[in-house]
Amino acid sequence: MGFITKMTLAMVVLSLFQKETKGQSASTATLTRNLLALSDPEVRPNADRTGPEITVNLFVTGAEKVAGRPNVVTVGFWVQMLWIDPRLSWDPAQYNNITTVYLPARKLWLPNFAVWHSANPLEPFFSEEQRIAVVTSNGAVAWSPKGVITVYADQVTPGNYTSGATYQTQSIIGDWDLQDVEISVKAVGTTVDLSQQKNSGLQVTGTSLRSVIQSFEGFGRYPLLEVILNLQEQTRSA
């Protein structure tokens, strides 16, 4: 194959790629506009019936004691959540076979999780850093913000020269606006993942994670997550 022929073939392939990319971009833009037009951040999915079910996976990223408050600790998390919002589903065949889009989280309905019995009640559970949610054609929404809890810690054993003090915390996390007939919260597994934890003066050494229903007389039943953390102070022996 001569040089001119090779160049011609390369230009044809490039032209086809550019047309396909341009078509893909236009389809993504159209799909994004259509989905956001149907979305309502103030109205939960399936508002006329039970739902949605939110699955939650927690990853500890670090822990530390709060200065001046010896019985209070702050723990950071990476929170993976997944739920179905039928308003955000589409037929890929109508949008150039696109199966995934990235949408601004603030324009979607999001779980309004808070921490019960927080030692810092004005502190939000979710950070505002993760502004993008991943949405697939079946309406599945994946959102993974950072989370933080500041809670009271009960000392289990005192520290000594060779071993740091140990503590235990219990946190109840959930959407306090919606009852169990309106939303379902399910933990992924029975423990919090510690694989992302950074070394610090306070380490999470054991965890428990489970879905619970909290009943309040006159108010209803709320689906929540109970998170129990065992922590130990790190010391240096001589």
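**Note on a predicted single-chain model**

1. Of the 238 residues in the protein chain, 37% count as buried. The model is a predicted one. The chain exposes about 13,600 Å², and 54% of that area is supplied by carbon and sulfur atoms.

2. Secondary structure. The protein chain has 1 helix and 12 strands. Among contacts with a separation of 6 or more, 72% are between residues 24 or more positions apart.

3. In soluble globular proteins, nonpolar side chains tend to be buried together. Here the largest nonpolar core has 47 residues, and those with the most contacts inside it are V56, V75, F77, M81, F125, I149 and L229. Strand β2, residues 69–84, gives this core its largest share, 6 residues.

4. F125 and its surroundings. Which residues does F125 touch, not counting residues up to four places away in sequence? They are F77, V79, F113, A114, V115, K146, G147, V148, I149 and I173. Two of these, F77 and I149, are listed with F125 among the residues with the most contacts inside the largest nonpolar core.

5. G147. This residue is found in strand β7, which covers residues 146–152. Is G147 buried or exposed? G147 counts as buried because its relative accessibility is 5%, and the cut-off for buried is under 20%. Leaving aside neighbours within four places in sequence, G147 is in contact with V75, G76, F77, V79 and F125. G147 and E128 are 19 residues apart along the chain, and their C-alpha atoms are separated by 9.5 Å.

6. S171. Strand β9, residues 166–175, contains S171. With a relative accessible area of 0%, S171 is buried. Setting aside residues up to four places away in sequence, S171 touches I149, V151, L225, E226 and V227. I149 is also touched by F125.

7. R69. This arginine is found in strand β2. R69 counts as partly exposed because its relative accessibility is 30%, a value that falls between the cut-offs of 20% and 50%. R69 touches A119 and Y152, not counting residues up to four places away in sequence. R69 and Y152 are 83 residues apart along the chain, while their C-alpha atoms are separated by 9.3 Å.

8. Positive phi values. Most residues other than glycine have a negative phi. N46 has a positive phi, near 55°, and is not a glycine. N46 is found in the loop between α1 (3–38) and β1 (53–66). N97, also not a glycine, has a positive phi of about 60°. Where is N97 found? N97 is in the loop between β2 and β3 (100–104). With a relative accessible area of 58%, N97 is exposed, since the cut-off for exposed is over 50%.

9. Largest pocket. The volume of the largest pocket is about 330 Å³. The pocket is lined by 15 residues, of which R106, L110, S127, E128 and W143 are the closest to its centre. What classes of residue make up the lining of the largest pocket? The lining has 9 nonpolar, 3 polar and 3 charged residues. E128, one of the residues closest to the pocket centre, is also the residue whose C-alpha atom is separated from that of G147 by 9.5 Å.

Conventions. Residues numbered from 1 in each chain as written. Predicted model: local features only at pLDDT ≥ 70, side-chain atom pairs only at ≥ 80, totals over all residues. Heavy atoms only, no water. 1 Å grid on protein atoms, 1.4 Å probe; cavity = no way out; pocket = protein on both sides within 12 Å on 5 of 7 lines; lining within 4 Å. Points joined across faces, edges and corners; volume = space filled by probe spheres on them. Nonpolar A, V, L, I, M, F, W, Y, C, P; charged D, E, K, R; others polar. Helix = DSSP H or I, 4+ residues; strand = E, 2+ residues; numbered from the N terminus. Buried < 20%, exposed > 50% of the residue type's maximum accessible area, 1.4 Å probe, protein only. Contact = heavy atoms within 4.5 Å. Areas by Shrake-Rupley, 256 points an atom, 1.4 Å probe, with all protein chains shown as cover. Core = buried A, V, L, I, M, F, W, Y, C linked by side-chain atoms within 4.5 Å.
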